[in-house]
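Please take a look at the strands and aromatic rings of this protein. A short report follows.

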Amino acid sequence: MRLPPATIDPSPVDATLLWGHGQHRIDSVWTNEAGDRSFHVRGTTILVPYHELYRPYLEAAGLLSVVPLVPMNPDASLITALVERWRPETSTFHLPCGEVTITLEDVVTLSGLAIDGDAVVVDIPDEEWSAICLRLLGRVPYDLVGGVAVVRITWLRVEFSHLPDDASQEVIEQFARAYALSLIGGVLFPDRSGSTVHLQYLLLIEDWERAGGFAWGAAVLSYLYREMGRSTLHISHTGTSLAGDLGGWVALLQFWAWERFPHLAPRDSETRAPATEDAHPRGLRWLSASSRQYGDQLFHYKLWFDAMDTVVWQPYRERALHLRGSVIQSDTFRAVVPLICFSSVMWHHPDRVLRQFGMRQHEPHQPHPEAEVRFFLRQATRGPSRGQQLVHASRESLDFWNRRHEFVATSSYTDDELAYHSEHMEWYRDITRRSGTRRGAVAEALYDTIEHAEVSLRDGRRAGGLTPDQCEDLANFMASGVATLGFEQRRYPDLTVPVQPHYAEPVMTAWPERTDPTPDWVAPEPQFRQERRPRR
């Protein structure tokens with residue numbers, strides 16, 4: 001079924017919060033300006049080969065938990081459909097059921113990376129990058145000239161592929177740094193090329209014990225937030241289009257999606273075997289999984305997010321979290337603070353997703369101004385060459401981070417579901433974009449019509465000249481229309497509508513009868529076609 005050009009506008013009623021409205025990727029896709037293509041999502045970069053002698057160094061630096069998570073290739077269609085729902089204005093995904101986001105709790109649970117500690121930022125010494133490489137790696141890249149501060153991961157892989165059997169302690173440490181640098185540039189903080197890594201990260205692992213004090217998890221989340229924001233708003237520090245590429249640790253985002261949206265998770269029973277349920281980090285349980293296969297992957301995921309109204313708000317509720325021998329306090333998860341990774345400063349907003357912590361959701365505070373968000377989105381990913389000023393987080397941002405335990409979002413605990421007609425959800429539907437696809441927008445309009453009829457039935461009033469019996473007939477008919485579009489009945493399970501297979505057309509012979517003798521009203525002749533799926 002091909003839908004006609006939409007006259008239904010899914011734009012927010014109040015656009016003061018989403019200042020990127022009209023410039024967002026989802027707006028471009030709606031008008032077909034950006035086409036309907038998936039992001040170019042990098043798979044796992046081939047790293048420097050791992051050696052067990054590197055283990056004590058990586059453990060001291062707090063990076064060991066990431067090593068077994070490396071072999072994971074993300075589903076580009078799932079990631080694209082999800083990231084199109086990302087709003088950098090609020091650092092959350094906007095879905096029909098409300099706001100949801102990947103938080104510090106998710107990062108530490110899925111990856112085991114530390115979320116408490118020093119901000120990931122260091123001063124650049126007044127030293128040639130070649131001298132730094134020679135001192136910390138024992139060799140210098142052949143193309144490291146003219147102050148260029150990046151190295152190719154392929155160079156690292158070639159130069160450090162085989163640890164000599166008679167290697168000294170110094171050489172082992174240099175090889176361990178090379179492996180850690182490839183892990184940082186290829187997994188934790190990959191740029192859109194996925195082939196280079198900035199030498200500023202080498203300075204982080206100069207001292208292994210100091211590296212263990214960094215909040216790596218917070219930095220990974222900051223970098224991922226920024227990459228999603230830049231891709232959705234098409235922002236680049238060079239002015240080039242970013243519509244087709246996505247950087248950051250997207251495999252972590254896929255783990256998160258599978259935890260929160262079980263309907264999208266792989267069906268492989270062995271993936272969630274009891275032996276891996278308590279694995280740490282929890283991302284290990286998904287390593288052998290593969291995404292579900294559909295005829296049109298991207299369209300299916302987009303349609304699912306338009307129809308989705310359920311989220312597993314607390315997938316780790318019964319799980320005790322431990323990191324390096326200490327229990328993680330939930331207050332850390334709910335800190336409303338800037339997340340820092342060198343020039344990347346993105347705000348963490350757990351106050352907007354309190355349901356993820358078992359708390360009652362209230363209307364959150366106004367997020368940070370557009371100018372501030374855009375400034376940090378525009379900062380270069382790779383950082384400066386030698387002699388240039390590194391744009392660090394401001395002193396104010398660092399102060400916020402260092403005092404993070406003072407800025408903890410809180411509310412009363414509850415197990416109650418947030419009702420569709422609650423004050424918060426009524427507010428949310430006014431400030432968000434309700435649909436990402438034309439089919440989803442039509443379904444929303446049908447839901448609204450059902451709602452109007454249901455309210456009329458409950459109140460016993462006539463609405464639009466219809467009697468209560470006619471309102472009930474109309475509600476059933478509209479619910480059938482929703483089934484026609486391939487959506488389930490998510491709000492009105494008590495309506496007696498036959499369940500239809502996905503994309504199948506229900507059998508309807510007539511419009512609801514109208515007993516009101518208004519002479520100028522004529523029911524149009526319904527037109528139905530049997531199609532298994534829509535044409536794009």
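## A hairpin and its ring contacts

Strands E10 and E11 form a hairpin with 2 residues between them. In the turn, Phe342 has a positive phi of about 55 degrees. Helices (H or I, at least four residues) and strands (E, at least two) are DSSP runs, numbered from the N terminus.

This is a predicted model: local features need pLDDT of at least 70, side-chain atom pairs count only at pLDDT 80 or more, and totals for chains, interfaces and linings use all residues. Residues are numbered from 1 along each chain as its sequence is written, and side-chain values use heavy atoms, with hydrogens and water left out.

E10 (residues 338–341) and E11 (residues 344–347) run antiparallel, joined by 4 bridges. Two strands pair if DSSP finds at least two bridges between them. Ile340 stands opposite Val345 in E11. Pro338 and Ile340 point one way from E10, Leu339 and Cys341 the other way, and all are buried. Buried means under 20% relative accessible area, exposed over 50%, partly exposed in between (1.4 Å probe, protein chains only).

Next come the rings. Rings of Phe, Tyr and Trp (its six-membered ring) pair if their centres lie within 6.5 Å; planes under 30 degrees apart count as stacked, over 60 as edge-to-face and the rest as tilted. The count comes to 20 aromatic pairs. Two of them are listed here.

| Pair | Centre to centre | Between the planes | Type |
|---|---|---|---|
| Tyr201 and Phe342 | 5.5 Å | 90 degrees | edge-to-face |
| Phe214 and Trp216 | 5.9 Å | 80 degrees | edge-to-face |

Tyr201 and Phe342 are both buried. Phe214 is buried, and so is Trp216.
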